[in-house]
Every structure is written in C-alpha cells, then in structure tokens.
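Here is a short tour of a structure, written to be read with the model open beside the text. Have a look at it first, and then we can walk through its parts together.

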Amino acid sequence: MFVTPGYAEEVAPAAGEAQTDAGTAAHTETGAEHGGGGGLFPPFDSSTYPSQLLWLAITFGLFYLFLKNVVLPRVGGILEVRRDRIAGDLDQAARMKSEADAAVAAYEQELAEAKARANAIGQDARDAAKAEAEAKRKEVEAGLDQKLSAAETRIATIKANAMKEVGSIAEDTAAAIVQALGAGKVDKADIAAAVKAAGK
Amino acid sequence: MANDPIHQFQISKLIPIEIGGLDFSFTNSAAFMVATVIAAGAFLFLTTSSRGLVPSRMQSVSEMSYEFVASMLRDAAGSQGMRFFPLVFSLFMFVLVANLIGLFPYFFTVTSHLIVTFALALLVIGTVIVYGFMKHGFGFLKLFVPQGVPGILVPLVVLIEVISFLSRPISLSVRLFANMLAGHITLKVFAGFVTSLSAFGAVGVVGSILPLFMTVAITGLEVLVAFLQAYVFAVLTCMYLNDALHPGH
C-alpha cells in the first residue's frame, strides 16, 4: 500500500528517506509514533489539519467556482430552454387548434349560406313556375269566359227569334182554328191581341 | 496491518510541502479531494456538454441532481434562498462524490476526517452569520428570541437558542464524519473476519460465509448512507440558510 512510505516521512521527516519501508511499517502499525500527535486516532491528529484545510479550501473553492460559473448556468440554461420550448410548443398547438376551429366554423357557415342560397333559388324557381302557370290558367279561363258569353249571346238571339216566330205561328194557327170553327172572318189584330194575352 | 480497521484513515504525504513551520503537504487526502472535485466536475461538465433538448441518460442524472438540490433549497428557504444555490449544490455534490469514492476498496474517504466536515460546516454557519448580519443588521439576533415567549422565560429561551445555534456546526460535521467513520470501520471489521476465519481451514471457510454476506450487505447500506448523509448535510444547510434569510421565525 502506498500509505506506508508517506507515513514514514511524517514520523521522521529528516530521516524518513534513510529508513526502510519494512522498518517503518512496524511503527505504523503500532501507531505509537506519530508526528506531534503521538499515536492519535488519525481523524484527531491535529498535525494533519493545516494540510487538509489548505487542500480542502483549494479543491472546494475551485469546485465551487467551476460549478457556479460553468456548470450551473449551463444546466439551468438547458432546463430553461426545455421549459420555453415546451411552453412554445403548447402555445403553437393551441394556436393551431384555434385555427382549425375557425376553419371548421367558416366551413359550416359557408355550408349554411350555400344551403340558404340553394333554398332561395329553389323557392324562386317554384314561385316563378307557379306564377307562370297561374297566368296561363287565367288567360285560358278568360278565353273560355269570352267563348261562353259569345255562346250565351247567340243562344239568346236564337231564343228571341224563336219566341218571335212562336207568336206569329200562334196567330196563324188561331186564325185557322177560328175559320174552321166557322165563325167568319176575324180581324187579324184581334187575334194578335188575344194571342198576346194568352202568351202572358 | 491488513486487519487494522483504523489504518484506512491514515493520512500519508505524497508531496511534502512546508510553509512557515506548518505542514501543507499534498497528502492522500488532498489527492482524493482533487479526485472528488475532478470526478464530480467532469461528470457534470461532460454529461451536459451536448445540451440536449431531450436529455441523454447521463445528462438527465446531472439535471436531476440540479433540480433535486434546487427544489430542496426552494422548499426550505424560499425563492430568495436561490442565491445560495451554487454553494448548496457544490456542498451536496462534493460530499456525495467524496462519500461514494470512499466506498471503493483502498480509497481514502475525505469526509471521514472531522476537520474536513467541520470546515464545511463552518463554511455553512459562517455564510449564515455573515449574510444574516449583512442583510438584517442586528435584526438577525431576533433569531435567538422567538416571538410569543413570556417575558420571564426569555433569558432561558435565548440561552437555549444560542446553545443550539452554536452546536449546529458541531452536529452538522460530527454527523457526517461519524457516519463515514463508523461505516468504514464496520466494513473493515467484517471483511477482516472473512480473512481471519478462512485461515482456520474448511470450518473457518464455512464460518466466514456469514461475515462475507454481512460485508456485502453493509456495502449496500453504505451506499445508501453515503447518499443520505450528503442529502442530510444539504438539507440542514438549506434550513440554516433559511434562518439567515428569515431570522424572525
């Protein structure tokens, strides 16, 4: 073990080199001889304190400065970058989602508008067709009414003519009947008056 | 020498240095301090060098240790306490890596020496005192006078508070030191049983199975203790720093 030679130097700094390792090993084991401390339990040997304190101060001081100036800013930076990146990604996801929602809303609105437009066009077409049919029907009805009234007029004329002829036929018939009955000649005007009275 | 459980704590000089009559030699302890710092620093530095947005396995270990200590400090001392984050993180990593390195056979455990843990504890308490007085002036002394204590009890309570404050660096350092020391001695003793029992032939070999099993189990326990003590050290540091930030309880 490398402990022994160094320990030997501590035991006898001046003569340490001259002694053999085997010789000092025996001293070490007994622990009877110790530089200043005199066989102390090593952690309580105050002769080693200055050296330990000095090297602790040097090593721990350098360690502290190294961590404070190099390592900790770096690790802190890594963590911060990651946190920012995650927050940024979440923001972006939220933005994309809202964009997608807006697109869906716009699509639905457009769809509703298109439906409304289609309904309006259909309604217009239906209305137009209805109006046209109505107009045609009215035209046809007007034609028919005209024909009907013409026919009625003709019927009335024919009827009037027929009624007029009925009167003269009745007079002739009445004159003939009166003659046949042998009542002599009867005035034409009397017969006509009688027929008229009877016809009423 | 092999069976001396204390030998593992010996400090030996690798490069003798003496300044002004004091011994500042580069020892095995100093070598393992350097190793601790290099191992911890290199691990943290190299694993985060790719700065991956999606961390690799090793990078996430570094990030986890960062966030572990950060949340510990934030919970104990609030967001104001984050100014001490480099200190607490350095302490945690240093103690943790020193403890873990010490678990390797033939390696020296830096934290098994009271002076080292005591120096770290004094660093913490010193920071608390200096920062406390800097920020609150003499208002920092309110730390020793809890609110709502009947006037008659105040001197007694202040005495108790002062004693408890002064014993903090001692308890903080002795806890870590004693855990490391006792764990390593126990390991060494049980491992020593294995070798000394095996020397008695077949019966001894059979008999050494139990201490061997114990050695393995205690090694596992020591890994836990290494982590736990680093955690406890850091948590207590956070709580003491909270006193410096908010002395009024």
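## The nonpolar core

Within the largest nonpolar core, which has 56 residues, Val88(B), Phe92(B), Phe94(B), Val95(B) and Ala234(B) touch the most other members. The elements that each give two or more residues to this core are α3 of chain A and, from chain B, α1, α2, α3, α4, α5 (154-198) and α7 (209-245). The biggest contributor to this core is α3(B), with twelve residues. Please keep in mind as you browse that this is a predicted model.

Setting aside neighbours within four places in sequence, Ala234(B) is in contact with Val69(B), Met72(B), Val88(B), Leu91(B) and Phe92(B). As general background, nonpolar side chains tend to be buried together in soluble globular proteins.

## Chain A on its own

Chain A has four helices and zero strands, giving the pattern α-α-α-α along the sequence. Of the 200 residues in chain A, 13% are buried. Among the contacts in chain A with a separation of 6 or more, 18% link residues 24 or more positions apart.

## Where the chains meet

How many residues of chain A are in contact with chain B? There are 38, and they are in contact with 45 residues of chain B. On the chain A side, the elements giving two or more residues are α1 (3-11), α2 (21-30) and α3 (49-180). The largest share of that side, 26 residues, comes from α3(A). Sorted by class, the side of chain A that touches chain B has 25 nonpolar, six polar and seven charged residues.

## Helix α1 of chain B

Helix α1 of chain B covers residues 28-47, 20 residues in all. From its first C-alpha to its last, α1(B) reaches 28 Å, close to the 28 Å expected at 1.5 Å a residue.

The buried residues of α1(B) are Ser29(B), Ala30(B), Phe32(B), Met33(B), Thr36(B), Val37(B), Ala40(B), Gly41(B), Leu44(B) and Thr47(B). An α-helix has 3.6 residues a turn, so residues three or four places apart point the same way. The buried residues of α1(B) pack against α3 of chain A, and also against β4 (26-27), α2 (57-77) and α3 (85-102) of chain B.

## A helix pair across the interface

How do α3(A) and α1(B) lie, and at what angle do their axes cross? Their axes come within 9 Å and cross at roughly 5°. Angles under 35 degrees count as roughly parallel, and α3(A) and α1(B) are therefore roughly parallel to each other.

On the α3(A) side, the residues that meet α1(B) include Trp55(A), Leu56(A), Leu62(A), Phe63(A) and Phe66(A). Among their partners in α1(B) are Met33(B), Val37(B), Ala40(B), Leu44(B) and Phe45(B). The residues of this contact of α3(A) with α1(B) divide into 14 nonpolar, five polar and no charged.

## Two residues with positive phi

Arg51(B) has a positive phi of about 50° although it is not a glycine. Arg51(B) is found in the loop between α1 and α2 of chain B, and with 13 C-beta neighbours inside 10 Å it counts as partly exposed.

Tyr106(B), also not a glycine, has a positive phi of about 70°. Tyr106(B) is in the loop between α3 and α4 (114-136) of chain B. Is Tyr106(B) buried or exposed? Tyr106(B) counts as exposed, because it has 8 C-beta neighbours inside 10 Å.

Note on methods:
Residues are numbered from 1 along each chain as its sequence is written. Chains are lettered from A and ligands numbered from 1 in the order in which they are written. This is a predicted model: local features need pLDDT of at least 70, side-chain atom pairs count only at pLDDT 80 or more; totals for chains, interfaces and linings use all residues. Two residues are in contact if their C-beta atoms, placed from the backbone, lie within 7 Å. Ala, Val, Leu, Ile, Met, Phe, Trp, Tyr, Cys and Pro count as nonpolar, Asp, Glu, Lys and Arg as charged, and the others, Gly among them, as polar. A residue is buried if 20 or more other C-beta atoms lie within 10 Å of its own, exposed if 12 or fewer, and partly exposed in between; C-beta atoms are placed from the backbone. The expected span of a helix is 1.5 Å times one less than its number of residues. A nonpolar core is a set of buried Ala, Val, Leu, Ile, Met, Phe, Trp, Tyr and Cys residues joined through C-beta atoms within 7 Å. Axes are lines fitted to C-alpha atoms, for helices over the stretch in contact, and angles run from 0 to 180 degrees between N-to-C directions. Angles under 35 degrees count as roughly parallel, over 145 as roughly antiparallel, 65 to 115 as roughly perpendicular and the rest as oblique.
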